[in-house]
Amino acid sequence: MNHELPPFEEAAANGHIPMFCVPISSSSAGPTGLDKYQWACPPQEPLDLFSEREQHAALMIISQTLVETFQK
């Protein structure tokens with residue numbers, strides 16, 4: 001959060017990259033400030049809560065959304 005994220009946030013703020021967050025696993029962490037960015041699915045519904053089949057379907061949708069986002 002303190003080292004890797006700030007350069008990405010700066011690039012997003014300057015319009016150089018889109019930020020697209022994917023909640024991978026459950027966490028007890030509080031707000032991180034990432035709520036201002038687009039989320040692949042709600043942060044309170046991370047992929048590790050899905051069945052394997054649901055994870056695969058979610059990843060397919062996420063992949064397609066990323067392709068569409070970066071083609072713009």
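This is a predicted model: local features need pLDDT of at least 70, side-chain atom pairs count only at pLDDT 80 or more; totals for chains, interfaces and linings use all residues.
Reader: Which residues of helix α1 are buried?
Author: Buried means under 20% relative accessible area, exposed over 50%, and partly exposed in between, with a 1.4 Å probe and protein chains only. On the other side of α1, E10 and A13 are exposed. The buried residues of α1 are L5, A11 and A12.

Reader: Within what arc do the buried residues of α1 fall?
Author: The arc is taken from the directions that run from the helix axis to the C-beta atoms. Seen down the axis, the buried residues of α1 line one face of the helix, because their arc is 130°.

Reader: Is A12 buried or exposed?
Author: A12 is found in helix α1. Its relative accessibility is 18%, so A12 counts as buried.

Reader: Which residues does A12 touch, not counting those up to four places away in sequence?
Author: Touching means contact, with heavy atoms within 4.5 Å. A12 and L34 are 22 residues apart along the chain, and their C-alpha atoms are separated by 12 Å. Leaving out residues up to four places away in sequence, A12 touches I17, M19 and Y37.

Reader: Which residues make up the largest nonpolar core?
Author: A nonpolar core is a set of buried Ala, Val, Leu, Ile, Met, Phe, Trp, Tyr and Cys residues joined through side-chain atoms within 4.5 Å. Beyond four places in sequence, L5 touches M19 and L34. The largest core holds 6 residues: L5, A12, M19, C21, L34 and Y37.

Reader: How many Å apart in space are Q38 and F20, C-alpha to C-alpha?
Author: Q38 lies in strand β2, residues 38-39. Q38 is partly exposed, at 43% relative accessible area. Its contacts beyond four places in sequence are M19, F20, C21 and T65. Q38 and F20 are 18 residues apart in sequence, but C-alpha to C-alpha they are 5.2 Å apart.

Reader: How many Å apart in space are F70 and M19?
Author: F70 sits in helix α2, residues 52-71. F70 is exposed, with 54% relative accessible area. F70 and M19 are 51 residues apart in sequence, yet their C-alpha distance is 11 Å.

Reader: What separation do the C-alpha atoms of Q44 and S26 have?
Author: Q44 belongs to the loop between β2 and α2. Q44 is exposed, at 60% relative accessible area. Q44 and S26 are 18 residues apart along the chain, with C-alpha atoms separated by 7.7 Å.

Reader: What percentage of the residues in the chain is buried?
Author: The C-alpha atoms fill a box of roughly 35 × 35 × 15 Å along the principal axes. The chain has 72 residues, and the buried share is 19%.

Key:
Residues are numbered from 1 along each chain as its sequence is written. Side-chain values use heavy atoms; hydrogens and water are left out. Helices (H or I, at least four residues) and strands (E, at least two) are DSSP runs, numbered from the N terminus.
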